[in-house]
Amino acid sequence: MITKTTCKMEKMFVELEKDLGSLVEDEEKMKKLSNNLQTLNNIIEVLKQSKLYIQEHESSINELH
């Protein structure tokens, strides 16, 4: 009886270790996704600022052509 219980506990422990490993991997993926999202937001902001700059200086830009 004790052997069966010990065996079950060992199997549960192995499963818990696997779950913990998966959680750690998921956390790392989430950090990467968060960093990628921040990078995309930065790019969008630069594009918005570029658009505003172009709109503000459109007449000067047209004169160059």
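## Helices and overall shape

Helices (H or I, at least four residues) and strands (E, at least two) are DSSP runs, numbered from the N terminus. By that reading, the protein chain holds 2 helices and 0 strands. Its radius of gyration, taken over C-alpha atoms, is 28 Å. That is well over the 11 Å that the globule rule (2.2 Å times the number of residues to the power 0.38) gives for 65 residues, so the chain is more spread out than a compact globule. The C-alpha trace spans about 90 × 15 × 5 Å along its principal axes.

Before going further, please keep in mind that this is a predicted model: local features need pLDDT of at least 70, side-chain atom pairs count only at pLDDT 80 or more, and totals for chains, interfaces and linings use all residues. Residues are numbered from 1 along each chain as its sequence is written, and side-chain values use heavy atoms, with hydrogens and water left out.

## Distances along the chain

M9 and L64 are 55 residues apart in sequence, and their C-alpha atoms are 77 Å apart in space. For E25 and I54, 29 residues apart along the chain, the C-alpha separation is 43 Å. Both M9 and E25 are found in helix α1.

## What the surface looks like

How much of the chain is buried? Buried residues (under 20% relative accessible area, with exposed meaning over 50%, partly exposed in between, using a 1.4 Å probe and protein chains only) make up 0% of the 65 residues. M9 counts as exposed at 54% relative accessibility, while E25, at 47%, counts as partly exposed.

Accessible areas come from the Shrake-Rupley method with a 1.4 Å probe, and for residues only the protein chains shown count as cover. The accessible surface of the chain comes to about 6,600 Å², and 62% of that belongs to carbon and sulfur atoms.

A nonpolar patch on the surface is formed by L37, L40, I43 and L47, which together have about 400 Å² of accessible area. Patches are made of residues with over 30% relative accessible area and no salt bridge; like charges are joined within 9 Å, and nonpolar side chains (Val, Leu, Ile, Met, Phe, Trp, Tyr) within 5 Å. L40, one of the patch members, lies in helix α1 and is partly exposed at 48% relative accessibility.

## Charges and salt bridges

Side chains of opposite charge can pair when their charged atoms come close. A salt bridge is a side-chain nitrogen of Lys or Arg within 4 Å of a carboxyl oxygen of Asp or Glu, and this rule gives a count of 2 salt bridges.

One joins E15 to K18, with the closest N and O atoms 3.7 Å apart. Both residues lie in helix α1 (residues 2–56), 3 residues apart, which is about one turn of the helix. E15 is partly exposed, at 42% relative accessibility. Another salt bridge links E27 with K31, where the closest N and O atoms are 3.9 Å apart. E27 and K31 are 4 residues apart in helix α1, so about one helical turn separates them. E27 has a relative accessible area of 44% and is partly exposed.
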